[in-house]
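The following exercises are to be worked with the sequence and the three-dimensional structure at hand. Each task is followed by a solution in steps.

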Amino acid sequence: MAKGKKSQGPKLRRSCGAMAAHMMLLEQYPAFRMNQMRLEGATGKRRDTGFDLAKSKLVTIKTVVNVVYKTPDQNISDAQIASQIAALNKDYRAANTDKSQTPAPWKGLITDARIEFKLVKVTRTKTTKDGFTFDDAVKKTATGGIPPTDPKTNLNLWSCALTGGLLGYAQFPGGPVATDGVVINVQSFGTSGTAQAPFNKGRTATHEIGHFFNLRHIWGDTPDCSGSDMVADTPNCAGPNFGKPTWPVITCNNGPNGDMFMNYMDYTDDAAMFMFTSQQVLRVRTALETLRSGLM
Ligand SMILES: [Zn+2]
């Protein structure tokens, strides 16, 4: 290990490839666009009819972890995999203790998605690839990866090296079955082993599974105030927040409370994000109970 005070380079920032992958799929698969439109319609209908989230069925999702490694340390341990599942089980039940840091005006919005995750299978695949990107190569044998296991009934996660500073990416609901699931950088998978600060609390998977259940980034993926995440209880905001901001951060005339940067669907560090809102959970539950009902 190098000692002394050598520069660590620029501070690591969260970067997610889900929207880039999403745009690519929309072009390639007309059926995906159609499915997404129908899902948006179903979500709007539920929102308008005052759906009671507290009465949602508790769902346990069978989860497969596909470890794709080149170096021995990328062949992560069963304990590290278990640490990721444990983190998800806290975050998706709003059982994470750090939610207490949520600013007072938003505490009442914190919502239990009533989703739990159970590890049912681990696959381990040695690859010759130095790294992957959001083009789904990690999900195909011919390109150095491994296909998902029964993706209609299992959530598939891949742990692998991702290039270009990507922490992860996900496929939104209604896309092709052969590539369905969530890819996580081996450096931000779980809470131990290869997981590196500031992305070592398992929240890359929490964020990406949010996309898998149809959640958008809270700033709406535009470089200004025009975009929307189609969720009414996350304030409109200009762009992603990074690191560990100090509340409040005001953009887009959203004062006095400002951006909800502690939401899992922002780009803040793992230790700075700790909540989904009720309207986000409504989107998640609608996706789960319609296009993703095979997981129930
Ligand atoms: Zn994202």
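**Exercise 1.** Determine which residues Arg13 touches, not counting residues up to four places away in sequence.

*Solution.* Step 1: contact is defined as heavy atoms within 4.5 Å. Step 2: by this criterion, and leaving out residues up to four places away in sequence, Arg13 touches Phe199 and Phe242. Step 3: Arg13 is placed in the segment before helix 1 (18–28); helices (H or I, at least four residues) and strands (E, at least two) are DSSP runs, numbered from the N terminus. Step 4: the relative accessible area of Arg13 is 51%, so Arg13 is exposed; the classes are buried under 20%, exposed over 50% and partly exposed in between, with a 1.4 Å probe and protein chains only.

The model is predicted, so local features need pLDDT of at least 70 and side-chain atom pairs count only at pLDDT 80 or more, while totals for chains, interfaces and linings use all residues. Residues are numbered from 1 along each chain as its sequence is written, and side-chain values use heavy atoms, with hydrogens and water left out.

**Exercise 2.** State the strand order of the open sheet and identify its edge strands.

*Solution.* Step 1: two strands pair if DSSP finds at least two bridges between them. Step 2: the open sheet has 5 strands in the order 2-1-3-5-4, and the pairing is mixed. Step 3: strand 2 (115–126) and strand 4 (168–170) are the edge strands, each pairing on one side only. Step 4: from one strand to the next, the twist averages 20 degrees.

**Exercise 3.** Describe how strand 1 is joined to strand 3 and to strand 2.

*Solution.* Step 1: strand 1 (residues 59–69) and strand 3 (residues 155–160) run parallel and are joined by 5 bridges. Step 2: Val65 stands opposite Leu157 in strand 3. Step 3: strand 1 and strand 2 also run parallel, with 11 bridges between them. Step 4: Val68 has Thr125 as its bridge partner in strand 2. Step 5: the path of the chain from strand 1 through helix 3 to strand 2 is a right-handed β-α-β crossover, a term that applies if, with the strands pointing away from the viewer, the path from the first strand over the helix to the second runs clockwise.

**Exercise 4.** Locate helix 3 relative to the strands, and decide whether Gln80 is buried or exposed.

*Solution.* Step 1: helix 3 (residues 78–91) lies across strand 1 and strand 2, and runs at about 155 degrees to strand 2. Such angles run from 0 to 180 degrees between N-to-C directions, and the axes are lines fitted to C-alpha atoms, for helices over the stretch in contact. Step 2: Gln80 lies in helix 3. Step 3: its relative accessibility is 2%, so Gln80 counts as buried. Step 4: not counting residues up to four places away in sequence, Gln80 touches Val186, Phe189, Gly190, Ser192, Gly193, Thr194 and Ala195.

**Exercise 5.** Name the residues with the most contacts inside the largest nonpolar core.

*Solution.* Step 1: a nonpolar core is a set of buried Ala, Val, Leu, Ile, Met, Phe, Trp, Tyr and Cys residues joined through side-chain atoms within 4.5 Å. Step 2: the largest such core has 54 residues, and Ile61, Ile115, Phe117, Ile209 and Phe213 have the most contacts inside it. Step 3: a second, separate core of 12 residues includes Ala21, Val68, Cys160 and Leu166.

**Exercise 6.** Find the disulfide and give its handedness.

*Solution.* Step 1: a disulfide is a pair of cysteine sulfur atoms within 2.5 Å. Step 2: the sulfur atoms of Cys225 and Cys252 are 1.9 Å apart and form a disulfide. Step 3: the torsion about their S-S bond is about -95 degrees, so this disulfide is left-handed. Step 4: Cys225 and Cys252 both lie in the loop between helix 4 and helix 5, so the pair ties together parts that are 27 residues apart in sequence.
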